[in-house]
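Open the model in your viewer and keep the selection tool ready.

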Amino acid sequence: HGISSALLMASVRAYLRSRVMQAGSVAEIISDVNRLVSADTMETNQFMTLFFLVFEGQTGQLTWVRAGHDPAILYDPVTDDFSELQGSGMALGIDMHFQYEKNQRENFSEGNIVLLATDGVWEARNKSGQMFGRRAVYDIIRNNSAANANEIMEAIISQIKKFLKSYKPEDDLTLVVVKAR
């Protein structure tokens, strides 16, 4: 999205890396980062969405804050169940006094898959204007659930490229796949 967006992202990354080294809940961390981002963007009206997820390997607990970003997708291959890691929260940089909320889920267990992605993944449109869609993403995850996280990510990217053919996407295609082992 350009140089100004890249600079904002780099600043948020630096704020976040610095803040996570200090004590506090995920909600406090993101609220503090938001205050810094808001001070930087007050005059430019820039903002940034974020999904901050912490996985506790010993307990299988997921803790997250959603700051205006699309919810993460959770897939349990044992029950063949898709759900979204919801939560309220506006994008960073809009209101410096906004207090973010912690969200939590237990039992992230072996084989479970989490997909974090930008909306450009499901909103990718081919030359005829057809959208790739969430259903296609769900099907790829389901059909590749035995694969490792990197292979699932590559399968999604491969299918999007196949869908788009030589057509260039209008938005960024960014995704992260996490699989419990």
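Start with Thr41, which sits in helix α2 (residues 26–41). Helices here are DSSP runs of H or I with at least four residues, strands are runs of E with at least two, and both are numbered from the N terminus. This is a predicted model: local features need pLDDT of at least 70, side-chain atom pairs count only at pLDDT 80 or more, and totals for chains, interfaces and linings use all residues. Residues are numbered from 1 along each chain as its sequence is written, and side-chain values use heavy atoms, with hydrogens and water left out.

Is Thr41 buried or exposed? Thr41 is buried, because its relative accessibility is 2% (buried is under 20% relative accessible area, exposed over 50%, partly exposed in between; 1.4 Å probe, protein chains only). Now show its contacts (heavy atoms within 4.5 Å). Beyond neighbours within four places in sequence, Thr41 touches Leu8, Gln46 and Gly93.

Next, select α1 and α2. Their axes come within 10 Å and cross at roughly 145 degrees (lines fitted to C-alpha atoms over the stretch in contact; angles run from 0 to 180 degrees between N-to-C directions). On the α1 side, the contact includes Leu8, Ser11 and Val12. On the α2 side, Asp40 and Thr41 are among the residues taking part.

Last stop: the largest pocket. Select Met48, Thr49, Leu50, His69 and Thr118, which lie nearest its centre among 31 lining residues (a pocket is an open set of points on a 1 Å grid over the protein atoms alone, where a 1.4 Å probe fits, with protein on both sides within 12 Å along at least five of seven lines; lining residues have an atom within 4 Å of a point). Then colour α1, which gives the most to this lining, with eight residues.
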